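Subject: A structure for you to look through

Hi there,

Here is the structure I promised to pass on to you.

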Amino acid sequence: MPALPLDQLQITHKDPKTGKPRTSPALHPEQKADRYFVLYKPPPKDNIPALVEEYLERATFVANDLDWLLALPHDKFWCQVIFDETLQKCLDSYLHYVPRKFDEWVAPTPEVADIQKHLHRSVFLTFLRMSTHKESKDHYISPSAFGEILYNNFLFDIPKILDLCVLFGKGNSPLLQKMIGNIFTQQPSYYNDLDETMPTILQVFSNILQHCGLQGDATSATPQKLEEKGRLTLGDMPLLELKDVILYLCDTCTTLWAFLDIFPLACQTFQKHDFCSRIASFYEVAIPELESTVKKRRLEDSKLLSDLWQRLSHSKKKLLEVFHIILNHICLLPILESSCDSVQGFIEEFLQIFSSLLQEKRFLRDYDALFPVAEDVSLLQQASSVLDETRTAYILQAVESAWEGVDRRKATDAKDTLVADDPNRALNGVPVTAQMPSHPENLEEAEGMGATAAPGPAVCGVELDSLISQVKDLLPDLGEGFILACLEHYCYNPEQVINNILEDRLAPALNQLDRSLDRQVKPDPTPLLASRHNVFQNDEFDVFSRDSVDLNRIHKGRRKEENTRTLVNDKREVAAQRRRYEQYSVVVEEVGGSSGGGRLSWASAGPLQPMLALSQVPLEPGEYGGDDYEDEYDDTYDGNQIGANDADSDDELVSRRPFTIPQILRTKVPGEGQEKEDDGEEEEAEDDAPKPDHFVQDPAVLREKAEARRMAFLARKGYRHDSSTAVAGGPRGHGQSRETTQERRKKEANKATRANHNRRTMADRKRSKGMIPS
């Protein structure tokens with residue numbers, strides 16, 4: 001038999017008054033245990049031992065009570081949750097007073113940190129069990145009854161859900177999404193509560209504007225009463241009150257972002273109240289004024305102002321992300337998930353939202369730096385072919401106009417750096433001053449960039465001279481050194497330097513300087529040795545690039561012993577080559593038998609001189625094997641032992657045959673080869689044939705033959721030999737050769753046949769015809 005849900009289950013127990021058994025529902029006040037849950041109090045801001053001990057005792061009670069509650073069975077747990085008011089007050093006190101990550105909190109002691117971590121986990125598990133209607137198949141509550149229990153007993157409400165998101169969202173996002181999703185699913189009435197809560201949320205932003213004296217004319221039409229004090233402006237507001245305003249804004253923005261990030265289904269309810277337009281209008285009015293106030297009051301408390309600037313920048317970023325989450329879930333995601341026929345309504349809503357924000361220049365610029373509008377418009381163009389190009393172009397043009405006067409590249413790069421980092425890195429124990437400018441005065445340069453403000457690169461050279469002259473043109477009595485110090489202090493912003501000097505609002509460090517201070521020329525940071533470049537760099541005598549130098553090669557002036565005779569007498573190179581050429585002075589010719597143990601060789605007086613004498617060079621045993629056959633041995637010059645078997649003397653057997661010139665080295669002699677008898681006609685024909693000569697002929701002979709061939713070739717082509725050399729002849733007084741005389745006569749006779757050498761003939765011709773008077 002299946003188990004009944006807890007809301008329908010009946011249990012039988014003995015009546016304590018009558019002693020008779022009776023039946024009652026499982027969820028009944030009598031089933032509640034008598035236990036008092038103490039209220040939670042935050043840890044002390046100062047680690048005073050007495051306060052720390054008190055906190056540890058109270059937190060231990062709360063943690064033990066919650067552990068006892070979590071250990072109860074299913075029916076006892078729900079009876080305690082529903083009917084124990086002290087438990088609800090305890091949980092409410094924890095959500096109300098526990099420090100957020102962005103709150104000011106002195107580093108606690110290890111004992112405080114441990115008990116706080118234990119308590120944090122127990123509270124989350126308690127709420128997680130309270131939001132689960134089915135723990136197992138035997139222990140569950142029917143969904144309809146579960147929703148009524150949550151709603152009627154105020155176990156959850158919108159403020160509690162917002163606090164749960166901001167406290168437990170980081171690190172527990174999946175569980176928290178299921179938890180809040182189940183609450184809204186089982187009890188849709190929470191959507192109505194959220195809708196009724198939206199005016200209160202919007203009133204928070206209106207209260208901030210009103211407290212800062214920035215309320216619009218439409219909401220401040222009611223006249224001010226005479227007994228009321230004048231409304232303070234941000235400039236007149238006390239610093240601690242300004243701190244409360246910024247902390248309140250930071251808490252509100254972070255809580256809204258955490259809720260929408262965990263439960264994006266609430267975006268539709270937010271947009272019903274035109275939330276996007278409202279936060280954009282608030283951003284445009286409040287954020288620049290708050291930034292300006294923090295920068296103007298920079299001299300009051302440097303550390304506090306740095307903290308306030310960081311929290312204000314964090315609030316700006318969360319407002320932009322809230323806008324993006326709403327826009328993404330009500331317009332962009334439905335466009336991606338829907339078909340082409342049903343996207344027109346979402347596209348129209350996207351265009352309508354941005355059309356209502358075109359006058360919010362500052363908001364559009366900061367939003368476009370984090371989430372480029374052009375990318376969203378490109379998505380719309382891909383999703384619909386009937387997109388109104390005029391409206392989209394108008395929106396993009398408005399976004400571009402919002403960037404006028406601002407360096408878009410620097411702002412976008414800084415925003416990308418911020419997005420890449422952990423959004424809560426400044427709020428998770430990291431000192432806020434580590435991410436802020438070192439001086440509060442420098443916050444002005446970061447206007448329009450929020451938490452991403454960072455000093456620009458150092459200016460030098462002609463650009464720095466131009467900035468100094470820009471200030472000096474207006475304030476000629478100031479020295480260039482003083483102007484340079486002011487520019488460096490204010491990140492090379494000449495307008496700010498001029499403004500602060502005229503208003504006498506310079507930093508204390510600059511006020512102590514002499515205003516007529518001259519500019520000091522800074523030495524070149526590049527060392528001379530690292531910047532030099534010449535032809536002798538890194539050579540063997542470069543003492544800057546090597547530690548040791550050969551001093552023997554260094555001398556002063558010209559060496560006295562260096563002359564032609566000394567160079568000729570220097571035989572060191574010859575001695576170095578002597579051993580190589582000595583190897584050619586001994587040539588092994590014959591190897592004797594085992595009894596001789598020696599060899600005959602040609603010995604020469606020098607390595608390149610002809611072999612003249614015969615000597616015997618003894619061989620060491622085993623140096624040369626005469627009986628071994630050497631396949632690569634050259635036997636061209638071996639002599640044949642002819643007549644070994646004849647009746648000759650023994651001396652003839654060992655005598656050496658006369659030295660003969662090798663055939664390849666012989667010169668061709670006519671008639672050679674006729675000593676022997678002709679054996680046949682074929683051999684005679686071979687002897688009469690010219691033998692090839694493998695050596696180079698005389699170059700002079702070759703040149704004469706080449707010149708003869710060239711002249712023969714030119715003669716065949718009809719080319720006449722240039723006889724200008726023969727015409728010139730020899731020197732005067734030495735007589736001329738016959739050839740010179742003939743050439744001169746030919747030239748004299750034929751010089752009129754070419755060029756302009758027939759002038760006399762033509763002149764005679766004209767005169768004979770009467771053309772020229774004689």
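Asp307 and Arg311 are both buried. Their side chains meet in a salt bridge, with 2.9 Å from N to O. Both residues belong to helix 12, which covers residues 302-337, and because they are 4 residues apart there, about one helical turn separates them. Please keep in mind that this is a predicted model, and that applies to everything below as well.

Why might two such side chains pair up at all? Side chains of opposite charge can do so when their charged atoms come close.

Start with Asp65 and Arg35, whose side chains meet in a salt bridge at 3.1 Å from N to O. Asp65 sits in helix 1 (residues 49-70), while Arg35 is in the loop between strand 2 (21-25) and helix 1, so this pair ties together parts that are 30 residues apart in sequence. Is Asp65 buried or exposed? Asp65 has a relative accessible area of 8%, which is under the 20% limit, so Asp65 counts as buried. Arg35, with a relative accessible area of 31%, is partly exposed.

Next, look for Glu348 and Arg391. Their side chains also form a salt bridge, this one with 3.0 Å from N to O. Glu348 is part of helix 13 (residues 344-355) and Arg391 is part of helix 16 (residues 389-402), so the pair ties together parts that lie 43 residues apart in sequence. Glu348 is partly exposed at 35% relative accessibility, and Arg391 is partly exposed too, at 22%.

Now for a pair of helices. How do helix 3 and helix 6 lie relative to each other? The axes of helix 3 (residues 85-97) and helix 6 (residues 158-168) come within 10 Å and cross at roughly 55 degrees. The two helices are therefore oblique to each other, and their crossing is left-handed. On the helix 3 side, the contact is made by Gln88, Asp92, Tyr94 and Leu95. On the helix 6 side, Lys160, Asp163, Leu164, Leu167 and Phe168 take part. Sorted by class, this contact has 5 nonpolar, 1 polar and 3 charged residues.

Thr12 is found in strand 1 (residues 10-14), and Ser24 lies in strand 2. Which of these residues is buried, and which is exposed? Ser24 counts as buried, at 6% relative accessibility, whereas Thr12 counts as exposed, at 60%.

For Thr12, the contacts are Pro21, Arg22 and Thr23. Thr12 and Thr23 are 11 residues apart along the chain, and their C-alpha atoms are separated by 4.3 Å.

Enjoy exploring, and send me any questions you have!

Best wishes

Conventions
Residues are numbered from 1 along each chain as its sequence is written. This is a predicted model: local features need pLDDT of at least 70, side-chain atom pairs count only at pLDDT 80 or more; totals for chains, interfaces and linings use all residues. Side-chain values use heavy atoms; hydrogens and water are left out. Axes are lines fitted to C-alpha atoms, for helices over the stretch in contact, and angles run from 0 to 180 degrees between N-to-C directions. Angles under 35 degrees count as roughly parallel, over 145 as roughly antiparallel, 65 to 115 as roughly perpendicular and the rest as oblique. A crossing is left-handed if the near helix is turned anticlockwise from the far one by less than a right angle, and right-handed if clockwise. Contact means heavy atoms within 4.5 Å. Ala, Val, Leu, Ile, Met, Phe, Trp, Tyr, Cys and Pro count as nonpolar, Asp, Glu, Lys and Arg as charged, and the others, Gly among them, as polar. A salt bridge is a side-chain nitrogen of Lys or Arg within 4 Å of a carboxyl oxygen of Asp or Glu. Buried means under 20% relative accessible area, exposed over 50%, partly exposed in between (1.4 Å probe, protein chains only). Lists of a residue's contacts leave out its neighbours within four places in sequence.
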